[in-house]
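Here are some notes to read alongside the structure, for someone opening it for the first time. Take the points in order and keep the view open as you go.

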Protein chains: 2
Amino acid sequence: MIKTPKDELNRRLNLFISTMSKIDPEWELAVLFDKINIFYFTGTMQNGVLFIFKNNGAHFFVRRNFDRAKEESEFENLYPVKSFKDIFSYFKSFPESVYIAKETLPIIVFERFNKYFNFKNIKSCDLAINYTRAVKSDYELNFIKKAGEIHRITKEEIVPKILAVGMSEFEFARELLNQMLRLGHHGVTRIRSYNGELYLGNICFGENSNYYNSFDGPGGIKGVCPAVPLFGNPDTILEKNMLIHVDTACGYMGYYTDKTQIYATGNLPQHVYDEHKKCVEIQNRVAELLKPGNTPSEIYEKVMSEIEEEFLPGFMGYKSNQVKFLGHGIGLHVDEYPAIAKGFDIPLVENMVIAVEPKKSIVGIGMVGIENTFLVTEKGGICLTGDNHEIINV
Amino acid sequence: MIKTPKDELNRRLNLFISTMSKIDPEWELAVLFDKINIFYFTGTMQNGVLFIFKNNGAHFFVRRNFDRAKEESEFENLYPVKSFKDIFSYFKSFPESVYIAKETLPIIVFERFNKYFNFKNIKSCDLAINYTRAVKSDYELNFIKKAGEIHRITKEEIVPKILAVGMSEFEFARELLNQMLRLGHHGVTRIRSYNGELYLGNICFGENSNYYNSFDGPGGIKGVCPAVPLFGNPDTILEKNMLIHVDTACGYMGYYTDKTQIYATGNLPQHVYDEHKKCVEIQNRVAELLKPGNTPSEIYEKVMSEIEEEFLPGFMGYKSNQVKFLGHGIGLHVDEYPAIAKGFDIPLVENMVIAVEPKKSIVGIGMVGIENTFLVTEKGGICLTGDNHEIINV
């Protein structure tokens, strides 16, 4: 069993504490409920509540399952509880103010909790959590690089063998998922945003990648049906001279990379290749700028300002699908901090991991463009998901 | 494209309104944000806010994607908005009290919303939503029966062909998922509970089904790793004379059934078959009682009181995994209202759908027992997921 080492847990906790102290030097306590945050800080994904005191350590009160937490976790302060009120048998008094992760906590869970604790002043620690999780250690990068390698093999070697004229989009998605699992992809795809959902990714033949969708990304998707607007469509059949848009997450030991590759069954009009090439250039331009000290908002504005105006219609999404970012952080969730977008003004630091995804919708054809996952370094972004960024003919 | 018919959308809305009026005759407005609830009432899974007035109809304000909502939905009152404040361009005044689904709504989403609306009195409509969704129409049952049929074929015909001594638990899970998708399973598995997560289900060789887990069910699971405690374990290899616990959801057009089947590679000790048989008898006893008018809490207490005391250790879970229910509602989520448990005192009505899952942990062997999905009828529960409830030898 792979246990998150104690040094690594301490690194995460210390970074969170120092980040919180920059945001609010007077903070005293943060309380976390979300299982991904709990895994991040404790190394076990059990159900419970994590108290992080500025000056009194971190303490995980485990409802279910304490025995598993003990087996899996190198985290020191584990306590069994049956309900929130059992926490008082370990700690008697608490400050009046508390920080919580408001982005992911349902109202009812906090109400049930605060019935006992009666915190008066409730603030959000989302930014501190997001920033902390954005900066990856070598331990984490090891998993991300492995996910990137599975991604590279899948997109460069496996997909061209699977795609065949006459198959349905759903059939292709099914076989792609099967092969990714065979190579070590861990299965579930995790999204942080409320109402966000991915099942592997957006897999589209032809104009389905221009189809409207509710997900906050540039690529469209038709999906299985209105109740399952995910994965692949059973009624869309691959034809000759069709464009195929394959945007998937790949997970290894909890960590994700994100990658989009475009394929074609035969020749597409020359302008399609030209517009694709332009997207690859934009990706590479963003990647160049993925250096410590640069801010995501400046990168966004600089790169967008360099794009000729006539290229903008359809860029980053078909009509109302259009989004206002060029990339996003990635780690234990596919959609992490920071986005390469306006409003993200904290400078990048070394070892952030960012998926860059310039794409363009072409009416009558589908989405061209590219997505790869990059490591922020002094030399600019290093691609972790393979180097073949062309449209691959199958 | 399968569109939810207008009559069906009206049925759902009217049942919700009449249920709310029973709970609070003075209610005026409920506001829903969760995409599964939005799909349920509108037939499209777009991002936005649904206002349901007691006396002024239901209105869906769609942020992303309005065009798709128009294409997919038979719901009448669709309005495009870019932000919550745009709702004021359609409606000028609102009551002071609002009902929201507190179980699934993150604090930050409601704070962003209420900055504009400034509702003073915020109550939970979770029970009314849950009750409404629990009562299925023929339209919905059609999909659930189809999921049940895919489930039956998978568990009775496919799994015995896949299982082979020497394969890993993860390999088996991968091939099982692949075959279920081939038969029409729609992919994603949706859980309503906070921090709940399933990737197909709990797939366990031998004692892995006794392994501690955080999920609120009787069956244990080891899963891929501490970060992905789901699906199947890559290091557990199927041996001769081993018990296999296969608990999966199966989805069709958004609707789920739940089913567990036990397999064995060769002979197990006689007491294992005896304890399994006892679980099947308990399932059938619960099913007999799944009639309109009976309350889930009474069914739970009656059936539990009939079980001999010496059978109870390990029943419904290994040690700290033990849960206090015998079944759960199922529909657009795998975990729906009602549970067959204490505290669920509203009588069953015809066409509720309940998964019944009496299971028992046997030390050194794994979990025996059964799960099937039943339709509540005047004659008792009708099984929708197949009739072979024995341990299947492979």
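This is a predicted model: local features need pLDDT of at least 70, side-chain atom pairs count only at pLDDT 80 or more; totals for chains, interfaces and linings use all residues.

1. Start with chain A as a whole.

2. The C-alpha trace of chain A spans about 70 × 40 × 35 Å along its principal axes. Of its 394 residues, 65% count as buried. Chain A exposes about 14,200 Å², and carbon and sulfur atoms supply 49% of that area.

3. How do the contacts of chain A run along the sequence? Take those between residues at least 6 apart in sequence: 67% of them join residues at least 24 apart.

4. Now find the open sheet in chain A. Five strands make it up, in the order S11-S10-S12-S15-S16, and the pairing is antiparallel. Strand S11 (336–339) and strand S16 (382–383) of chain A are the edge strands, each pairing on one side only. Helix H5 (residues 126–134) of chain A packs on this sheet, where it touches S11 and strand S12 (353–356) of chain A. The direction of H5 makes about 90° with that of S11(A).

5. Zoom in on one end of that sheet. Strand S10 (residues 327–329) of chain A pairs with S11(A) in the antiparallel sense, over two bridges. If you want a pair to look for, Gly329(A) stands opposite Glu336(A) in S11(A).

6. Is Glu357(A) buried or exposed? This residue lies in the loop between S12 and strand S13 (359–362) of chain A. With a relative accessible area of 5%, Glu357(A) is buried, because anything under 20% counts as such. Leaving aside residues up to four places away in sequence, Glu357(A) touches Pro218(A), Asp247(A), Met316(A), Phe325(A), Leu326(A), Gly327(A), His328(A), Ile370(A) and Glu371(A).

7. Over to chain B, which has an open sheet of five strands in the order S11-S10-S12-S15-S16, with antiparallel pairing. Strand S11 (336–339) and strand S16 (382–383) of chain B stand at the edges with a single partner strand each, so one side of each is left without a neighbour in the sheet. Helix H5 (residues 126–134) of chain B packs on the sheet and touches S11 and strand S12 (353–356) of chain B, its direction making about 90° with that of S11(B).

8. A closer look at that pairing: strand S10 (residues 327–329) of chain B and S11(B) are joined in the antiparallel sense over two bridges. Here, His328(B) stands opposite Ala339(B) in S11(B).

9. There is a hairpin to look at in chain B, too. Strand S13 (residues 359–362) and strand S14 (residues 366–369) of chain B pair in the antiparallel sense over four bridges. Lys360(B) has Val368(B) in S14(B) as its bridge partner. Three residues sit between the strands of this hairpin, and Gly364(B) takes a positive phi near 85°.

10. Last, helix H8 (residues 270–288) of chain B. At 1.5 Å a residue, its 19 residues should span 27 Å, and the end C-alpha atoms are 27 Å apart, which agrees. Which residues of H8(B) are buried? They are Val272(B), Glu275(B), His276(B), Lys278(B), Cys279(B), Val280(B), Ile282(B), Gln283(B), Val286(B) and Ala287(B).

Definitions and conventions. Residues are numbered from 1 along each chain as its sequence is written. Chains are lettered from A and ligands numbered from 1 in the order in which they are written. Side-chain values use heavy atoms; hydrogens and water are left out. Two strands pair if DSSP finds at least two bridges between them. Contact means heavy atoms within 4.5 Å. Axes are lines fitted to C-alpha atoms, for helices over the stretch in contact, and angles run from 0 to 180 degrees between N-to-C directions. The expected span of a helix is 1.5 Å times one less than its number of residues. Buried means under 20% relative accessible area, exposed over 50%, partly exposed in between (1.4 Å probe, protein chains only). Accessible areas come from the Shrake-Rupley method with a 1.4 Å probe; for residues, only the protein chains shown count as cover.
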